[in-house]
Amino acid sequence: MKALMTCAGMNTELRPFTDMMPKCLLPVKAKPILFHNLEWLQKNHIDEVIITTSYHHNQIELALKKYQIEGLFSVDLKINIHKQSGGVGSAQSLKTLSHKLDGDDFLFLDGGNLYNFDIEKYYSNHKNNGKLISILSHMTMEDSKYKNFIKYKNGSDEIEKITVKPDYKMNKELLATSGTCYLNPMIFDVIEKKDRHLFDNVIPKQLENINVIVDNDSIQFINSKKEYMSIAKTWSSYYANI
């Protein structure tokens, strides 16, 4: 299976940490977030990873070359970098890379989060469901600024709507998308020219084609300086005691 990991954003919400480097290279336990994720993908038998970049592209490219030269990844893990032009969204990147992803279903990831879910288990769920999109989700009461929320029709498992980054104070747990999904290559046929972002523009229009997988424990989100510092500290303390 192939994976597409987006590492192109400026992530201004993490300034000043991201002023001089992209979010995916921020260290957690003295290792960039990107390489934690690549090791996890390798462990889960992913064959090829396509990484989209833009902001500080050269830093990501040099870091990957260094780690490949030092042999930290198996030669069986093929890593390709695609530099996109500024302002291009995830949906547009998908469309551009359709020739590389038009074979089997593939995994889409936000390269700024940390992952630890069973890829094969959820892939089986995706294939058995037969939907165009299998989207990972989680229950949360955190700031809605960076989240899209799934609402079901009363008393059913049919999705009524997906609300994109609402501006309201949350007073109860809601089901939010996790920035991760399995995609059938037919996704390229439903991306319109005006669609910029996969989660904000494409997925909310494909309600009948969505399978929802709920996982509250296997993704660590880094959407603020506070979250980054907390995760970095927690991981460092954990490994110091091993």
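Leaving aside neighbours within four places in sequence, threonine 52 is in contact (heavy atoms within 4.5 Å) with Leu4, Met5, Thr6, Cys7, Ala8, His82, Gln84, Ser93 and Leu97. The model is a predicted one, in which local features need pLDDT of at least 70 and side-chain atom pairs count only at pLDDT 80 or more, whereas totals for chains, interfaces and linings use all residues. Residues are numbered from 1 along each chain as its sequence is written, and side-chain values use heavy atoms, with hydrogens and water left out. Threonine 52 belongs to strand β4, residues 48–53 (strands are DSSP runs of E, at least two residues, and helices runs of H or I, at least four, numbered from the N terminus). With a relative accessibility of 1%, threonine 52 is buried (under 20% relative accessible area, with a 1.4 Å probe and protein chains only).

Seven aromatic pairs were counted (rings of Phe, Tyr and Trp, the last by its six-membered ring, with centres within 6.5 Å; planes under 30 degrees apart are stacked, over 60 edge-to-face and the rest tilted). One of these, tyrosine 115 with phenylalanine 117, is edge-to-face, at 6.1 Å centre to centre and 90° between the planes. Tyrosine 115 is buried at 6% relative accessible area, and phenylalanine 117 is buried at 3%. Tyrosine 123 and tyrosine 182 form a tilted pair, at 6.0 Å centre to centre and 40° between the planes. Because tyrosine 123 lies in helix α4 (residues 119–129) and tyrosine 182 in strand β11 (residues 174–183), this pair ties together parts 59 residues apart in sequence.

A single aromatic cluster is formed by Trp40, Tyr115, Phe117 and Tyr122.

Terms used
Buried means under 20% relative accessible area, exposed over 50%, partly exposed in between (1.4 Å probe, protein chains only).
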